[in-house]
Structure formats: structure tokens, C-alpha cells
Amino acid sequence: MASDPASPQATAPGPPPPAAGPAPRRSRLDRYLAPKEPIPRTLAFVLGVSCFALVIGIWALLSYTGQVRSYFLPTPVTTARTLYDMFAHQGFIHDVWASTYRIMLGFLIAAAIAVPLGIAIGAFRVVQAFFEPLIAAVRYMPASAFIPLLIIWLGIANGEKIAVIWIGVFFPLALLIADVSANVPKEFLNIAYTLGASRWQVFWRVLVPACWPGVVDNLRIAVGWAWTYLIVAELVAANTGIGHVILSASRFLQTDQIIAGIITIGILGLLTDAIFRWLHRTLFPYTERVSR
Amino acid sequence: MSAIAAHDVSMVFPTRRGEVRAIDHVSMEIPDASFACIVGASGCGKSTLLNIMAGLVEPTSGSVTVDGSPIRGAGADRGMVFQSYTLYPWLKVRENIEFGLALKGASKRERRRVSDSLLGEMGLREFERAYPRELSGGMQQRAAIARALANDPKVLLMDEPFGALDALTRASAQRFLTEVWEQHRRTIAFVTHDIEEAIFLGDTVFVMSPRPGRIREVIAVELPRPRTLDDLGSPAFADLKRRILSLILESDGAAAA
């Protein structure tokens, strides 16, 4: 490195740098590009928005210039208009509701069993030894592979969709919750014992409360899987739902409706994520903020 | 009468390479209201011994008595403080301190009375409504000591409680603990690998040697109390330190050979 006195790295003999505090001043950009350095919130917001803008920009560029034909890729404006039209005139809201309803029911039933079972698996070796091998095995069977079987058993009504979501969510979620429960520090339990707690008290007053933040965090992740499995189930066979709308649109080469449907799923996903984050912040003010 | 005593306690762990004798026929007695420190190199079994005294670990053989009667598992008569920060993160400081009383079903007024006095004593009054993560490490350990004391235990078992603190916080925590001990006059068993800490705090220092874990020697610390920083430089202190250090090094060499 040349001993340029203007360079902040210059330590070679020469005139000392002009008074600039103990550390050489770095430019802002330089600071923001250092690993793990925090950045201002406004900058974070602007960056997030510009990424969306970039994607939409490329999309607009490809579609408006005619680089990609409109029945492959409609313009952003056409898509937005279609989305509005679907809600306003084509009763898309009923499909959105149908999908949301299936998600809620399937996810709630899965979570209602996976959370207590997972906590018990992580806490009690007996429960773990009994359930974990089976759950671990089923977890590797893709929920979508059950769809044909479930159609035979349950038809193509809500029951089948809910069952697909249940299979897709329950098994991995139970294992994640088991991990949360198993990772509760042993010292937390031991302290309670030395304070005179019974086993029952240790379980309900220490282990379970210690699990809650991790439980909500994993529910947030699991609800994302629920969307994936639901749409797969609706794509295979359904009379209503967002997946059904997307598949019908595909038959008639209505690319704008397909993209509008996908965007709707994205927005609903963001919404559920926001709800879970809010829940986490409100219920567990004592934890550090989570991200991911 | 000894407040807490171990009688011929042995602890054998099975491992893949065969059995490891973590504690080998250890007997020790800690008199009522005295401060005992247990020092030794890491892996000498001192923490295991403490856990056995707490009743959290069942020894392979031998027994532990409190006031002469054998213990059966963990109990509220033996409070514990660990090295890691073990305050319950979902409870505020006051609720953490009251936790043992709440388990017993003590009335709200009773809980308040106890936590009020301990919050004051520990200098945590301003933080009663703070969550543990808002506290510094030193404050968290003070709150953990308060939580143990709130239960009015016969014996306080401490497993390197100041091990995670920086040197300065640690020095003040040690002085603070001495004051608490002089105030409450509990029997304390304090595990540490810091020889100076052991001498500064203890009436007695049990020196342990590793593999198998044994009590190598019991040393009475006859420095007058209250001990001050000046004592750290006194010849008596230096003598004790040298003696304990050589015991530990010697036994370490013997084990390595």
C-alpha cells in the first residue's frame, strides 16, 4: 500500500493526519458495508422498497418493450387491473376466503396437537421414545404425495384440503416444538426444584412458559408451509380457492390472473407473518426482537 | 452440628471408555452458618458434588445430610445459585424473587414483605419491574441470590456464581456476598476455581483433586473478618494462596503422570 498521507490506512512516517479523533473517519457507505453494522431505519425501508421497485421495473421493461409476449407476461398495470377486476367482479374474495378458511382450520388443528405433543416430546424421554421415530419418518413423506390418497378417502371438499395441510404442518411442527422444549436450559428446571417446586410445578410454571416464545416463532414459520400445501392441494383438485382460480386461468392462458393469484398469496403471507410478529412482540416483551 | 454434610459420596459415570469416577469417597462437613469454599481444577468433580448436595444428582453411593437427616432429592431447604444467568426471563425481577414463595402458595402480602426487604438489600429496588435481560450480569446474580434467600433456605449452594462476571463486577459481588452472609448467617457451600475468591470468602477451603475427584485437604482460613482489599496483599493471604495452588498443581501433575 502506498504511503499516501490522505489515505486513512496510512501509518507510515510522514505528517500526522489532520486532527480527526482517535479513529480515522470512515465514509457512511464504508460503515454500512461493514458486516453486521446497524443501518438507519429509513435507509432500511428505502432499500426494501427499492428491491420491490427493481423487480417491478424489470417486469415492466420486459413486458412493455414486447421482449416477452403479453400472454406469457402481462404488464404490471394489466395485472393490477385484473387483480382489481377479480375482486370487484369475479367473486375472487370467495376463493380467497375459501383458502383462508382451509388454512386456518388445518393449521389450527395441526398446531393444537403439535404444540402440546412437541412440548411433551422435548420434556419427557418416554414420550420422545414413543413418538419421535414415527414423526421423524412421516416428516420426510411429502404432504403432496398424500393428496391422491386423501382424495379417495375424503373427496375434494374442504376435508381433504384440511387433511393435506394437517399432514404438511403437524409432523415438522411437532419436531420443531420438541426442539424448543428440549432446549429449555436444565438450570431453569433445577433452580425451580431447589426452590421447592414439584415436578408438576416445574412443568407448568417453568418449562411451558419458557417454551412460549419459541412456540409462537415456529408457528409463524409453519403457517408459511400451510399456504404451500394448500395451494398444491387446490391445484390438484378443487372447485374453489386461490389455487383453483390459478389452475383455471392457466387452462385459458390468462397469465394476468395467474400472476394476480400468486401476488394475492404473497400479500396474505405477509399479513399472517405480520400478525405473528405482532403477537410475539405483544406477548413476550421480555425477549429480544426476533427476525428472519 | 454440621448444617450440611456429605458421607462417603461417590459418583461414577459410565462412558464409552469405561467408567469414570467423578467423585471418589468424599466426606465433608460444613458447620452451621459457616462459609465453605470448594476449589479445584476444572473436571475435579466440584460442581457434581454441589449438585449432589442440592439433591439434583443422585450419587452412586453415599449420602448427604442436612442437620443430620438425609436428603431426599432437591428441596427448598437448599437454595442454589448457578454461574449462568438463570433468572426466568418471562418474570420481572420482583416476580423472580417471589417465585419460591409463590410455589409454596404464600399470600401476596407475605411475598411482598419478603421481596421488598430483599430488593432493598440487594440494591434492586429501582429494577423490581425490569425483566432480567434489562439487568447487568452483576445485578442478575444479585437477583438470583435474592431469589434463593427469599425461600429462607438452611443452606445456600453456589456454583461459580461470579464466574461469568468481569473482574471489577466480580470483586464488588464478592464483597456484597460477604455482607449478605454476615447479615443472614446462612451456611454457604461455594464452588469456584478462583483460589483468591475462595480465600477471600471462605471460613474453610476444601481443595479437591481431579480424576478421581477427592478432597485433597481442608484448609481453615483464619483471616479476621470483615476482610478487605488490604487482606489480599497480606502475607497470610499469600501463604494460603501458595499452599492451595501447590496442592492443586501437585494433584494435577499426579493425575497426568
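# Chat on a predicted two-chain model

Mentor: This is a predicted model. In chain B, E6(B) and strand E7, residues 155–159, pair in the parallel sense over 4 bridges.

Trainee: Which residue is the bridge partner of Gly79(B) in E7(B)?

Mentor: Leu156(B) is the partner of Gly79(B).

Trainee: What is the strand order of the sheet in chain B?

Mentor: The order is E6-E7-E8-E3-E9-E10 in chain B, an open sheet of 6 strands with mixed pairing.

Trainee: Which strands stand at the edges?

Mentor: Strand E6 (78–81) and strand E10 (214–220) of chain B do. Each has a single partner strand, so one side of each lacks a neighbour in the sheet.

Trainee: By how many degrees are neighbouring strands of this sheet turned against each other on average?

Mentor: The average is 20 degrees, with direction ignored.

Trainee: How many bridges join E9(B) to E10(B)?

Mentor: There are 6 bridges, and E9(B) and E10(B) run antiparallel. Ser209(B) has Arg214(B) in E10(B) as its bridge partner.

Trainee: What do E9(B) and E10(B) form, and how many residues are between them?

Mentor: A hairpin, with 4 residues between the two strands. Arg211(B), in the turn, has a positive phi of about 45 degrees.

Trainee: Switching to chain A. How many helices and strands does it have?

Mentor: Chain A has 11 helices and 0 strands. Of its 292 residues, 32% count as buried. Among contacts in chain A between residues at least 6 apart in sequence, 67% join residues at least 24 apart.

Trainee: How do H5(A) and H7(A) pack, at what angle?

Mentor: Helix H5 (residues 125–139) and helix H7 (residues 158–182) of chain A pack at about 130 degrees, with their axes 9 Å apart. H5(A) and H7(A) are therefore oblique to each other. The crossing of H5(A) past H7(A) is left-handed.

Trainee: Which residues meet there?

Mentor: From H5(A), Ile135(A), Ala136(A), Val138(A) and Arg139(A). They meet Phe171(A), Pro172(A), Ala174(A) and Leu175(A) of H7(A). By class, that contact has 7 nonpolar, no polar and 1 charged residues.

Trainee: And H3(A) against H11(A), what angle is that?

Mentor: About 75 degrees, for helix H3 (residues 76–89) and helix H11 (residues 255–283) of chain A, again with axes 9 Å apart. H3(A) and H11(A) are therefore roughly perpendicular to each other.

Trainee: Now the contact of the two chains. How many residues does it take from each?

Mentor: It takes 14 residues from chain A and 21 residues from chain B. On the chain A side, helix H8 (186–194) and helix H9 (199–236) each supply at least two residues. H8(A) gives the most, with 6 residues. The chain A residues that touch chain B divide into 8 nonpolar, 5 polar and 1 charged.

Trainee: Which residues of H8(A) are buried?

Mentor: Leu189(A), Asn190(A), Ile191(A), Ala192(A), Tyr193(A) and Thr194(A) are buried in H8(A). Their cover includes H9 of chain A, together with helix H1 (46–54) and E6 of chain B.

Trainee: What follows H8(A)?

Mentor: Gly196(A) does, with a positive phi near 95 degrees.

Trainee: Last one. Where is Ser234(B) found?

Mentor: In chain B, Ser234(B) is in the loop between helix H7 (229–232) and helix H8 (235–256). Ser234(B) has 13 C-beta neighbours inside 10 Å, so it counts as partly exposed. Ser234(B) and Leu223(B) are 11 residues apart in sequence and 9.7 Å apart in space, C-alpha to C-alpha.

Note on methods
Residues numbered from 1 in each chain as written. Chains lettered and ligands numbered in written order. Predicted model: local features only at pLDDT ≥ 70, side-chain atom pairs only at ≥ 80, totals over all residues. Contact = placed C-beta atoms within 7 Å. Nonpolar A, V, L, I, M, F, W, Y, C, P; charged D, E, K, R; others polar. Pairing = 2+ DSSP bridges. Axes fitted to C-alpha atoms, helices over the stretch in contact; angles between N-to-C directions. Parallel < 35°, antiparallel > 145°, perpendicular 65-115°, else oblique. Left-handed = near helix turned anticlockwise from the far one by under 90°. Buried ≥ 20, exposed ≤ 12 C-beta atoms within 10 Å, placed from the backbone.
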